[in-house]
Amino acid sequence: MLQKKVKKRASLLAVILTASVLSIFLILNSLNKNILYFKSPTEIKNSQDVDFNKKLRVGGMVKKDTLKINEEEIKFIITDFKNEIKVSFRGTVPNLFSEGRGVVAEGKLQDKKFFIADRILAKHDENYMPPELKKIMKEDAK
Amino acid sequence: MFSFFYNSNIFIWIEKLLNFINSIFFVLLVAALSFALIFSPPDYLQGDSVRIMYVHVPAAWIGLASFTSIAILSILNFIFKIKNLILITKSIAPIGFMFTCLAIITGAIWGQPTWGTYWAWDARITSMVVLAIFYFIFIMIHKLISEGEKANRISSFVAIIGLINIPIIKFSVNWWSTLHQPASIKISGESSIHSSMLMPLLLMFFVMILYCALIFLMKYKTEIIRIKKKNLNRL
């Protein structure tokens, strides 16, 4: 039904596509660690070669009732509900930063449990709703 | 098999479609914008900056969809050698490029109040930049290589290779930890976006699709005219 030329071109294309998908997959696989924008506290705990002089990002939730703000610094705990890291930060935080919300801290690890951040980013989740609805949901939860 | 594409009657159809879209476009645009900017509620967390999403998300969808269609048409052209498909891909590319850039820029504007930064080299944002680069290369090939047949071949090759980037963009937020949030609208399962915000979003998407169709049809018409009058290179 199909011409011989058409078949030939289709199979050539299939070969090129599989080859490039495979090579991209291999590249991504080897880059996997670098693609991660931030590490979770568990990943830091499990990693063997932590460089304490290199900047890195830690992400997770701000643990409830751990946010302490005084004149000098902001202290809180980042948790992924398995492991935690204490964070200390001086500077301004984005509006969406608060307890129980996602956060990404950029800075240096002092040890595996203590992190000094020089930049705080708030991570937004995928939920969008009007404020009235949030109120109703909160009241329902009580 | 694809006789519709050869038909020069297509010219008349383009005119009719253009007139039709022109007649409804501005009414719909005003309606969609007023829903997105005035009538829809602010978000419980982000406040009014959620309204940027009504442009950002449809723009990103269109950017992705345009490149996917360019790549699929390039594959069909590569296999079946249908000249008109190249004209179609050439007409889609600038639209896709514009909307991809729009998605990146509106994303940056949204990022400052919500994340606290305009820019982050996370997987989603970086792969979107790669998409914009692919668009740019595709367009520049047609601009710079004067030999028509050669330009077609190289540009289809770029489009087909660039197709691999599309699933990477789509799933980057699920595969890797990124600053960008995962998709709110899921194909299966419940969306995590409230219906009072979903409605204006879909309306804006529809209006932007109409805008794309307008630009595409006008561009396609010029490409056909250019082919018909071979000596005419620029309009």
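Start your tour by selecting D65(A): this residue is exposed, with 10 other C-beta atoms within 10 Å. Here a residue is buried if 20 or more other C-beta atoms lie within 10 Å of its own, exposed if 12 or fewer, and partly exposed in between, with C-beta atoms placed from the backbone. You are looking at a predicted model, in which local features need pLDDT of at least 70, side-chain atom pairs count only at pLDDT 80 or more, and totals for chains, interfaces and linings use all residues. Residues are numbered from 1 along each chain as its sequence is written, while chains are lettered from A and ligands numbered from 1 in the order in which they are written.

**Two loops in chain A**

Stay on D65(A), which sits in the loop between β1 (56–62) and β2 (68–69) of chain A. Helices (H or I, at least four residues) and strands (E, at least two) are DSSP runs, numbered from the N terminus. Check the backbone: D65(A) is not a glycine, yet its phi is positive, at about 60°.

Next, select F81(A), in the loop between β3 (74–79) and β4 (84–89) of chain A. Its phi is also a positive value, near 70°, in a residue other than glycine. Is F81(A) buried or exposed? F81(A) counts as exposed, with 11 C-beta neighbours inside 10 Å.

**Across to chain B**

Now show both chains: 34 residues of chain B are in contact with 31 residues of chain A. Two residues are in contact if their C-beta atoms, placed from the backbone, lie within 7 Å. On the chain B side, α3 (53–80), α4 (83–114), α6 (148–162) and α8 (195–228) each supply at least two residues. Of these, α3(B) gives the most, with 4 residues. By class, this side of chain B has 22 nonpolar, 10 polar and 2 charged residues. Ala, Val, Leu, Ile, Met, Phe, Trp, Tyr, Cys and Pro count as nonpolar, Asp, Glu, Lys and Arg as charged, and the others, Gly among them, as polar.

**Helix α7 of chain B**

Select residues 165–175 of chain B, which form α7; its buried residues are N165(B), I168(B), I169(B) and S172(B). Look down the axis of α7(B): these buried residues fall within an arc of 100°, so they line one face of the helix. The arc is that of the directions from the helix axis to the C-beta atoms. The buried residues of α7(B) pack against α3, α5 (123–144) and α6 of chain B.

Axes are lines fitted to C-alpha atoms, for helices over the stretch in contact, and angles run from 0 to 180 degrees between N-to-C directions.

**A stop at A183(B)**

Move on to A183(B), in the loop between α7 and α8 of chain B. A183(B) is partly exposed, with 16 other C-beta atoms within 10 Å. Which residues does A183(B) contact, leaving aside its neighbours within four places in sequence? They are E126(A) and V173(B).

**Last stop: α4 and α8**

Finally, display α4(B) and α8(B), which pack at an angle of about 135° with their axes 9 Å apart. These two helices are therefore oblique to each other.

Key: Parallel < 35°, antiparallel > 145°, perpendicular 65-115°, else oblique.
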